[in-house]
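Please find my notes on this model below, as numbered points.

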Amino acid sequence: MDPCTCCDACDNLCEIVPEMARTFKALGDLTRLRLIYLLSSDSSGTLGVSELATRLGISQPAVSQHLKTLKSEGIVDSRREGFFIYYSINRERMVLFRKQFDRIYASVMDKCDKEFVWTETRQISLNACVIFYSYTGITRGVAEKIGNACGCDLVPVQTKKEYSSFSAYTTGVFRSRKGACDPIIPEEIDVSGYDLLVIGTPVWAGKPTPAINAVVQAFSGCEGKKALIFVTSCGIPGEALPLLKAALAKRGVSVIGEISLTKNEIGNPEDGNSLIEQVIAAYNACTDQPDMPEKQNENPIEDYP
Ligand SMILES: Cc1cc2nc3c(=O)[nH]c(=O)nc-3n(C[C@H](O)[C@H](O)[C@H](O)COP(=O)(O)O)c2cc1C
């Protein structure tokens, strides 16, 4: 099956799920399950409506109706021999159903694990804010997860004029290379009340985005603040981190942690855990706290696989 283009990380569940829902509906009836059992345990290949009705102890029209439902989902096949119609299980359809179910199961368990690590790692409330720009949503996802896990404020930044997928790679890349600042909303970002600033941006052309360059200039009350900076990229972060660090230094903000993330790492629970650990360590370092400032979760994850 070719990947569809609906989702960011497509595993074709959007196509499988409606089909599975119909199949589950067809299977969600005791009489139909008994019919399937009878047909699957029959080796004669000559089970017809009347025989099935006798074995199940129900009327022939009722059996016909149930067989119709199972046939419409492809679970049951029929063949005509003279005046008789015989029914059998469609093995290929059952194998496909099993494969689809396995895929949904794997995907759900995988997602549960990730949610678990991101949201349950700790329940804390850091006096920090996550300021970020995101064009396609990846950096936003990371920022939100840090916000959820650490109880930080979120400050999403938008460009006043949004980039199209064309202009991002032309004007956007050009402006990134130049180190330009885009007009942004909000125009001013007062960070005076925070102990730690977490600043995130995608990498464009190996550099920070023009939006995050503007963020650095939009800060007020930033002198003497500490920051943890992160970039998301396809694996070629270039000079994005050092350039962002240098720009922050000019505003009196010292960077005490730098993180570069790729899409694969963002989806990996271990890297997710490690990111949260780094945010907390940076916070503890800048607030001189030897231990967690939080109420520990009653069931902390000690050895997440
Ligand atoms: C205009 C543009 C330029 C990019 N340049 C780079 C690059 O130089 N190196 C890289 O690894 N990824 C590059 N990327 C990929 C993004 O950095 C990466 O997909 C990022 O995680 C997207 O974050 P976002 O969804 O928050 O916008 C670029 C993406 C865009 C749109």
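1. Helix 7 (165-178) gives the largest share of the shell around the ligand, four residues. Helix 6 (138-150), strand 7 (196-204) and strand 10 (226-233) also give two or more residues each. Helices here are DSSP runs of H or I with at least four residues, strands are runs of E with at least two, and both are numbered from the N terminus.

2. This is a predicted model, in which local features need pLDDT of at least 70 and side-chain atom pairs count only at pLDDT 80 or more, while totals for chains, interfaces and linings use all residues. Residues are numbered from 1 along each chain as its sequence is written.

3. Which of the 23 residues around the ligand come nearest? They are Ser134, Ile138, Thr139, Pro202 and Ser233. A residue counts as near if its C-beta atom, placed from the backbone, lies within 6 Å of the molecule. By class, the shell has twelve nonpolar, ten polar and one charged residues. Ala, Val, Leu, Ile, Met, Phe, Trp, Tyr, Cys and Pro are taken as nonpolar, Asp, Glu, Lys and Arg as charged, and the others, Gly among them, as polar.

4. Strand 7 is largely enclosed by the rest of the structure, because nine of its nine residues are buried. Buried means that 20 or more other C-beta atoms, placed from the backbone, lie within 10 Å of the residue's own.

5. Strand 7 pairs with strand 3 (residues 128-133) in parallel through five bridges, and Gly200 is the bridge partner of Phe132. Strand 7 also runs parallel to strand 10, with seven bridges; there Pro202 stands opposite Thr232. Pairing requires at least two DSSP bridges between the strands.

6. Strand 8 (residues 207-208) runs antiparallel to strand 7, joined by two bridges, and Val203 has Pro208 as its bridge partner. Strands 7 and 8 form a hairpin with two residues between them, and Ala205 in the turn has a positive phi of about 55°.

7. The axes of helix 3 (residues 49-56) and helix 4 (residues 60-72) come within 9 Å and cross at roughly 110°. That makes helix 3 roughly perpendicular to helix 4 (65 to 115 degrees). Axes are lines fitted to C-alpha atoms over the stretch in contact, with angles from 0 to 180 degrees between N-to-C directions. Helix 3 contributes Val49, Ser50, Leu52, Ala53 and Leu56 to the contact, and helix 4 contributes Gln60, Val63 and Ser64; contact means C-beta atoms, placed from the backbone, within 7 Å. By class, this contact has five nonpolar, three polar and no charged residues.

Conventions:
Buried ≥ 20, exposed ≤ 12 C-beta atoms within 10 Å, placed from the backbone. Parallel < 35°, antiparallel > 145°, perpendicular 65-115°, else oblique. Contact = placed C-beta atoms within 7 Å.
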